[in-house]
Amino acid sequence: MKWDVRVARSMGHGANPFRLDVTFASDCERLVLYGPSGAGKSLTLKAMAGLLRPEEGRVVVDGSTLFDAAAGVDVAAGARRLGYVFQEYALFPHLTVRQNVAFGLDKGLRNPRRDAAAPAVDRWLATLELASLGHRYPDELSGGQRQRTALARALVADPRALLLDEPFAALDSGLRERLRAELGELQLRLALPIVLITHDAADVAAFAGEVITLDGGRVSGNGAAVSAPA
Amino acid sequence: MEPAWIALGLSLKVALWATAIDLVAGVAVGFALARYRFPGREMVDSILLLPMVLPPTVLGYYLLVVVGRRGWLGGWLERTFGIQLIFTWQGAVLAAAIVAFPFVCKSARAAFENVDVQFEQAARVLGLGAAAVFFRVTLPLAWRGILAGTLLAFARALGEFGATLMIAGSIPGKTQTLSIAVYDAVQAGQDELANGLVLLTSATCIAVLLLAGRLAPSRVPGRW
Amino acid sequence: MHVGVLSSRRMASVALAFVLAFASPVVFAAELTISAAASLGDAFRDIGRAFESAHPDTKVQLNFAASGALLQQIAKGAPVDVFASADEETMDRAEQQKLIRHGSRVDFAANALVVVVPRDAASSPKTLADLAATSIRRIAIGLPASVPAGRYARFALDKAKLWPAIEAKVIGAQSVRQGLDYVARGEVDAGFVYATDAALEVDKVRVAFVVPTDPPVRYPIAIVEGSGNLAAARGFVAFVASLAGQDTMARYGFGKP
């Protein structure tokens, strides 16, 4: 099983309690979490990444147990070797594109220098067509360039899987199609398992191998993965 | 004008030490208040801001009672280490640090709250530990706000008078800061000395303001 | 016609109320402002009350601080009617600066300068020279430039050629009362105060020895030039010198001038 996930947690305050209880298992390398806003998709993804601590459940990715409430296992977010692309990319505004991409390579207390040489960084910048933008700052980039920078940053550390939170939401439709296709190609080339969140049915149609539909904090339907519409 | 230079040197020394202490403590506490939710958090915040609203003489009295030889803290310090804080420049530093602390803490908390947690989350997922996240992401994005509060704290520490007056003992070179020197000179009818001291204090404050303006760097293209 | 909360009538009344509250109405009784040395605090409060009983149309306002500070206030124009200082030198300065009415100056009390130690102190110095001992680490003395008690102390120490030996231990107090407070709290090992002050904190300090002063500690009182209430001022000075006034001073430990 590539993905074996169960996360459960009560959250929300007072008047608006919210119970997250999501279970799914799949072998597919292109998993999509689909559902309306507020369904719990982001929370599920964060739980998988270690940014949210479930009260019960377990998270197993590609055979590695990253979280198991019963056994008391909780691998730190930084040690899970998962790439994460945030909805608004969360590119560090005080660092250049090169520094952003190189960020995770050194876990020390200092940021990578602007002129630091790093072959891995160069390779990824080239692959994602960002080579000429290395010394720009995030606020000088277009939406598509930012998305690719976020991708490069997530991929440079050679993650075992990639988690993407609504990666196309901030882009206009022409760009969405292009980037969807690019992501698809990239996924195939790297043979990298991907989980993607979206509320857009078109994304599902174009990209998904399998779809998990969420609503109100739970998997709607019987919890089993539903194969994508043709 | 010898006493004036001594007083200036002392005031600067006291203010710099007080600000340094406040910077470390204020950033730490400001960060904790910004990032962690715990019962009674706003109450703690209010208590920490008290020195900003309490009359300085009230603070001076509390200091005298707590840090004096018969106070619970002062007595312990004297019994254990033989240290007495009243009538020393370290005591003046303590008074100044307490009154200036809220400036750093408040601005640090606000600055940290303005840093989107997503940046910190992104850094964590990329493998960084808590300390690295703080120094590489949180602090660089918050430092401007913290700096503004720190400069205010320095100005406050430099001008501290009321609390220091009660625990200082007016010892030239040790506790007779510029503010107290002005006060003593006026009381003694030494108008020339008072005038000189006031001019010196004003010049120092203007210099600090100018330096503060320089420290906030001009906008670099591409920076946020 | 709709009259809202902010009608001009309302606003006018509110504004008037503010002005009246801020500009305090003229006091019906005549006010007499007395600036007196810190050590006269308790005695003059009693005298002030007694004076008010005898003169119901006069309200006595008392202002206590170190004599030097009071002199500065008067020199800078503070509206004071009567000035009582703790030494002749401060009054001399007042006279030089033409701040007091010619001929109104009179001595009304005497005091003794003493060295006090905290009540629970292990040992007491017996003479000025004992203050140089290592067991005495800190001594509170009023700032000589503005506090008469400090001046008397400095003078005595200079005369005994002891100032250099104890200079490093001196903690400058803003007034004789602050000096007394430091001794009472145990922050200093000894302090120079007046005998009358020492009597106020009997449970916290004790007198180690009396300091011979030259000139003796004498308190002069005078009417301030430009006083707005000459008759009452004269009456007050006379009251202080009267039997009733002298009785009160004696009660607090002051000697005859």
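A:Asp215 has A:Arg218 in strand 11 as its bridge partner. In this predicted model, local features need pLDDT of at least 70 and side-chain atom pairs count only at pLDDT 80 or more, while totals for chains, interfaces and linings use all residues. Residues are numbered from 1 along each chain as its sequence is written, and chains are lettered from A and ligands numbered from 1 in the order in which they are written.

Strand 10 and strand 11 (residues 218-219) of chain A pair in the antiparallel sense over two bridges; pairing requires that DSSP finds at least two bridges between the strands. Helices (H or I, at least four residues) and strands (E, at least two) are DSSP runs, numbered from the N terminus. With two residues between them, strands 10 and 11 of chain A form a hairpin, and A:Gly216 in the turn has a positive phi of about 55°.

Strand 10 (residues 210-215) of chain A also pairs with strand 3 (residues 30-34) of chain A, here in the parallel sense over four bridges. There, A:Glu210 is the bridge partner of A:Leu31.

## Chain C and its helix 9

Now to chain C, which has ten helices and ten strands. Its C-alpha atoms fill a box of roughly 85 × 45 × 35 Å along the principal axes. Of its 257 residues, 44% are buried (20 or more other C-beta atoms within 10 Å of the residue's own; exposed means 12 or fewer, partly exposed in between, with C-beta atoms placed from the backbone).

Helix 9 of chain C (residues 230-241) has twelve residues and should span 16 Å at 1.5 Å a residue, which agrees with the 17 Å between its end C-alpha atoms; the expected span is 1.5 Å times one less than the number of residues. Which residues of this helix are buried? They are C:Ala232, C:Ala233, C:Phe236, C:Val237 and C:Val240. Seen down the axis of helix 9 of chain C, these buried residues fall within an arc of 135°, so they line one face; the arc is that of the directions from the helix axis to the C-beta atoms. The face turned away from this buried side carries the exposed C:Ala231 and C:Ala238.

## How the chains meet

Chains A and C do not touch, and their nearest C-alpha atoms are 39 Å apart. Between chains B and C, 15 residues of chain B are in contact with 16 residues of chain C (contact: C-beta atoms, placed from the backbone, within 7 Å). Helix 9 (residues 178-187) of chain B gives the most to the side of chain B that touches chain C, with three residues.

How values were computed
Two residues are in contact if their C-beta atoms, placed from the backbone, lie within 7 Å.
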